[in-house]
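Here is a short briefing on one protein chain. Look over the model, then work through the points below.

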Amino acid sequence: MTRTTDGPVAVLGLGRMGTGLATRLLDQGIQVRVWNRTSERTEPLAKAGAVAAAHPADAVEGTSAAICTVADGEALGTVLRGPDGVLARGTYPGTLICASTVAPEEVASIAGDVPSVLDVGMLGNREHARDGELRLFVGGEQRAFTAGRPLLEMLGKEVVHLGALGSGMRMKLLLNLLMGIEVQALAEATELASATGLDRQLVLRTIAGSGFASPVMAFKSRRLAADRFDEPDFRLRLMAKDLMLATKQAAEAGLRLPLAAAAAETHVRATEQGLGDEDCAAVTRALTPNPGTDT
């Protein structure tokens, strides 16, 4: 069976995670071909030894695996099925790894066009991606997982095969659901502290150092303390998208998830207020009353 590290690897989408993955592969001596919608993001990687391609179809030419790390389902559809997409010249013979957070059904629909597909929920940040310290939760057929595993083990310290295609996305949506609720809970506690006269910085230090705070809450408390949400670790609009996907999954399963629904509503409202490209901790600004109103 062909191993995915036998040939070059394409990385499609060079946001923080995609850039981290491409850097990791280059550091491991893998030939890397990269593509991004805005070409300037390919330049630092090209200087580091990657081959920059003008289109996704060009990027995957001659590769044994292609990793998609674009923002959403619409972008994934364009990368795969657009005029210059991966499938523009016929089926892709390598292993296609969908590491974009999209609806599980969207990943499953790819299987009809590509013989070997994996969906991977990535747990970690850009530094973890760069250093091979991600935790990777994988869905797909066993044969595809066996072929892709050597590559995945280069990228993550933990690689877990969950089962059928779509499983990786389901796990990722669950994890992002937890993060969205936790960060919003932290923001709500902080805003209540400020509104009732408690010292905001002291409250944040207390929460972060307590047994009530998860690691992500302790991490995001620093952003709330600095009131700085630029250079995002995770964009608020992407959190809104993932929370909406999670609530849709729940509805289709006949579940009512009140916390998830409330968090999704708040994040969508924050995006509509122009906070979408800020860090997801900026959800705190959607909780502050507008001047001259009672809400």
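Which backbone oxygen does the side chain of T69 reach? The side chain of T69 reaches the backbone oxygen of G13, at 2.6 Å.

This is a predicted model, where local features need pLDDT of at least 70, side-chain atom pairs count only at pLDDT 80 or more, and totals for chains, interfaces and linings use all residues. Residues are numbered from 1 along each chain as its sequence is written, and side-chain values use heavy atoms, leaving out hydrogens and water.

**Around T69**

- T69 sits in the loop between β4 (65-68) and α4 (73-81).
- T69 is buried, with a relative accessible area of 12%; buried means under 20%, using a 1.4 Å probe and protein chains only.
- Beyond its neighbours within four places in sequence, T69 is in contact with residues including V11, L12, G13 and M122. Contact means heavy atoms within 4.5 Å.
- T69 and L25 are 44 residues apart in sequence, and their C-alpha atoms are 14 Å apart in space.

**The whole chain**

- The chain has 12 helices and 8 strands. These are DSSP runs: helices are H or I with at least four residues, strands are E with at least two, numbered from the N terminus.
- Along its principal axes, the C-alpha trace spans about 65 × 45 × 35 Å.
- Buried residues make up 48% of the 295 residues.
- Of the contacts with a separation of 6 or more, 62% join residues 24 or more positions apart.

Notes. Buried means under 20% relative accessible area, exposed over 50%, partly exposed in between (1.4 Å probe, protein chains only). A polar contact is a pair of N or O atoms within 3.5 Å; within protein, one must be able to donate a hydrogen and the other to accept it, and residues adjacent in sequence count only if both atoms are side-chain atoms.
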